[in-house]
Amino acid sequence: MTAHTNKDTGKATTDIVQKCTTLANTIETKREELTKLLLNCESFETTSDEITRSLDCLRNVTKEIDSLSYGKIDLFCSFLPINLPLYSLILFVIIPGFTANQVIARPSNTMHDLIKEIWKMLNLQEMFPNIIFVTMERNLFNQAYVSTADVVLFTGQ
C-alpha cells in the first residue's frame with residue numbers, strides 16, 4: 001500500500017465518516033422497509049439485531065479509521081456468506097471498499113436477489129460506484145477475479 005499525505009488522509013477520513021453516517025441515516029429512515037425485506041430470510045429477532053449491529057458498525061467506523069484511510073489496493077474480492085445479508089454487505093463489501101479501487105463481490109446464489117434489493121433500496125450504487133456484484137459460478141469467479149485480486153475475503157467452508 002502507498003501511504004497518503006496527511007492532507008489526503010484527512011480527506012479520506014472525512015469521506016469515510018460522511019458515507020458511513022449517510023448510510024446509517026438511510027438505514028434508520030428505511031428501517032421498516034428494510035425489516036420487511038430481511039424477514040424474508042430471517043427471524044424478527046435476527047433482523048433487529050442485524051440492523052442494530054450494522055448501524056453500530058457504521059457509526060463507530062472511526063475506531064478503525066487508521067486501517068481504512070491509508071493506501072489503496074487495486075482489486076478486492078469478497079465471497080458473501082449466506083446469512084446476515086445487510087451486516088455482511090457492510091462488513092465484507094462496503095467497509096473494505098474504502099481501501100480498494102474496485103470491489104467485486106459474489107453473493108451466494110440464494111442471497112443474490114436479496115443483496116441486490118438491499119443495494120437498490122438504500123441507493124448505494126451512487127455512493128459506492130467502485131463496488132460491483134457478480135453472479136457466476138465459484139470456479140469462474142475465481143478465474144476471472146480472484147486470480148488477480150490483491151485481497152480476497154472468504155467466509156464459510
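This report describes the fold, helix packing and selected residues of a predicted protein model.

## Basis of the model

The structure is a predicted model, in which local features need pLDDT of at least 70 and side-chain atom pairs count only at pLDDT 80 or more, whereas totals for chains, interfaces and linings use all residues. Residues are numbered from 1 along each chain as its sequence is written, and side-chain values use heavy atoms, with hydrogens and water left out.

## Overall architecture

The protein chain contains 8 helices and 4 strands. Both kinds of element are DSSP runs numbered from the N terminus, helices being H or I with at least four residues and strands being E with at least two. Read from the N terminus, their order is α-α-α-α-β-α-β-α-α-β-α-β.

Of the 157 residues in the protein chain, 44% are buried. Here buried means under 20% relative accessible area, exposed means over 50%, and partly exposed lies in between (1.4 Å probe, protein chains only). Contact means heavy atoms within 4.5 Å. Among the contacts in the protein chain with a separation of 6 or more, 82% are between residues 24 or more positions apart.

## Helix 2

Helix 2 spans residues 31–38, and its buried residues are Leu-34, Thr-35, Leu-37 and Leu-38. Viewed down the axis of helix 2, these buried residues fall within an arc of 160°, so they line one face of the helix. The arc is that of the directions from the helix axis to the C-beta atoms. The exposed residues Glu-32 and Lys-36 are carried on the face turned away from the buried side.

## Packing of helix 5 against helix 3

Two packed helices are described by the angle between their axes and the distance between the axes. For helix 3 (residues 44–59) and helix 5 (residues 85–97), the axes come within 8 Å and cross at roughly 25°. Helix 3 is therefore roughly parallel to helix 5. The axes are lines fitted to C-alpha atoms, for helices over the stretch in contact, and angles run from 0 to 180 degrees between N-to-C directions. Angles under 35 degrees count as roughly parallel, over 145 as roughly antiparallel, 65 to 115 as roughly perpendicular and the rest as oblique.

On the helix 3 side, Glu-50, Ile-51, Arg-53, Ser-54, Cys-57 and Leu-58 meet Pro-85, Leu-86, Tyr-87, Ile-90, Leu-91 and Ile-95 of helix 5. The residues of this contact divide into 9 nonpolar, 1 polar and 2 charged. In this classification Ala, Val, Leu, Ile, Met, Phe, Trp, Tyr, Cys and Pro count as nonpolar, Asp, Glu, Lys and Arg as charged, and the others, Gly among them, as polar.

## Packing of helix 5 against helix 6

The axes of helix 5 and helix 6 (residues 112–121) come within 10 Å and cross at roughly 75°. Helix 5 is therefore roughly perpendicular to helix 6. Pro-85, Leu-86, Leu-89 and Ile-94 of helix 5 make the contact with Leu-114, Ile-115, Ile-118 and Trp-119 of helix 6. The residues of this contact comprise 8 nonpolar, no polar and no charged.

The buried residues of helix 6 are His-112, Leu-114, Ile-115, Ile-118, Trp-119 and Met-121. They pack against helix 2, helix 5, helix 7 and strand 3 (131–133).

## Ser-88 and its surroundings

Ser-88 is found in helix 5 and is buried, at 4% relative accessibility. Leaving aside neighbours within four places in sequence, Ser-88 is in contact with Leu-80, Pro-81, Asn-83 and Val-93. A polar atom of the Ser-88 side chain lies 3.1 Å from the backbone oxygen of Asn-83. Ser-88 and Pro-107 are 19 residues apart in sequence, and their C-alpha atoms are 9.8 Å apart in space.

Most residues other than glycine have a negative phi, and most peptide bonds are trans. Leu-84, although not a glycine, has a positive phi of about 50°. This residue is in the loop between strand 1 (73–79) and helix 5, and Leu-84 is partly exposed, with a relative accessible area of 29%. Just after helix 6, Asn-123 takes a positive phi of about 55°. Asn-123 lies in the loop between helix 6 and helix 7 (124–127) and is partly exposed, at 37% relative accessibility.

Gly-156 is found in the segment after strand 4 (151–154) and is exposed, with a relative accessible area of 69%. Gly-156 and Leu-80 are 76 residues apart in sequence and 8.8 Å apart in space, C-alpha to C-alpha.

Technical notes:
A polar contact is a pair of N or O atoms within 3.5 Å; within protein, one must be able to donate a hydrogen and the other to accept it, and residues adjacent in sequence count only if both atoms are side-chain atoms.
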